[in-house]
Amino acid sequence: CTVIFTRLATRDLHKPISILFCNLAVSDLFTSFSGFWISMLFITNPDITIFGSQDMLAPYSLYTTSILSTIYNLVSIGIERYLAVAKSMRTRFRVARNHSMAVVFISWVLAFFLGCLPLMGWHCLQAERSISVLYSPFCVDYLVFITLPNVVVAFLVPLFTYLRIIIILRKRKLRMQACGQAPGTYRSAETQVARTSISIWLLALVSYAPFFAGVIFDATNHSCHTDLYPGVYIFRNCTAMLITITCLGNPLLYTLRLRELGAKLKTLRCLSANRVRACAI
């Protein structure tokens, strides 16, 4: 909420990348909200989060939708950064604000469609054979259908884009050195991109790899819920905590640094104080 507020208040949304950053914060907000919903259901009635119930379809669907939207946002940010760096070399395509708005709209439509498939009937409330052990009443085939292609997209596309960015910046630095110019700007930009890409990979690996491992376990496991209690469900809860921690780290990692966030909040506070003084006078 702080990131969204500062982005709107400081009018940073005129940049295409800022629209994607703000949308990423919205996706993380939805993930946190749906995770809080699931936690409240677990507190009030733990059995429905283990054995499955009709009440779990809506929060799990919202949780899936928000995670898919986050993945699509990260992929979009990687592609936008690649086009921004490569536009002066091989491509003349420039990402505009309308393009970012269209990407945001398409990503949310796709995320809502795939995430709400269980609400449309693809669930296992009656079919006990293919029911998920970790995320009942979701079906195992639905989880596999959602997880596998999105994992491939979320890892391969950023891998290509960030590697290409680093290669392009390195070529520019060598070209500047050959012309006898100081490559300090490109060296710092290359270092920043490398650090950001490494942070993206580490954060995605730590948070989403256990969830993917849980889906693989669901697909290969044939035991009952009671046979796996409580160890497997502790693992599931830890996975949800990692995803929630990612929602806290994403806004600072992809949109604002701690110092910049504090500076913008201080600026907004000073502007508000000046307005109050002006009104008093």
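Why does Ala84 count as partly exposed? The relative accessibility of Ala84 is 28%, so Ala84 counts as partly exposed (buried is under 20% relative accessible area, exposed over 50%, and partly exposed in between, with a 1.4 Å probe and protein chains only).

The model is predicted: local features need pLDDT of at least 70 and side-chain atom pairs count only at pLDDT 80 or more, while totals for chains, interfaces and linings use all residues. Residues are numbered from 1 along each chain as its sequence is written, and side-chain values use heavy atoms, without hydrogens and water.

View A. Helices are DSSP runs (H or I, at least four residues), numbered from the N terminus. Between Ala84 and Ile17 the C-alpha to C-alpha distance is 9.5 Å, with 67 residues separating them in sequence.

**View B. The second largest pocket, with a volume of about 410 Å³.** A pocket is an open set of points on a 1 Å grid over the protein atoms alone, where a 1.4 Å probe fits, with protein on both sides within 12 Å along at least five of seven lines; lining residues have an atom within 4 Å of a point. The volume is the space filled by probe spheres set on the points, which are joined across faces, edges and corners. Of 25 lining residues, Ile67, Ile71, Val151, Tyr208 and Phe211 are closest to the centre. At least two lining residues come from each of helix H4 (57-86), helix H6 (140-178) and helix H7 (184-220).

**View C. Phe42 in helix H2 (residues 16-44).** Phe42 counts as partly exposed because its relative accessibility is 36%.
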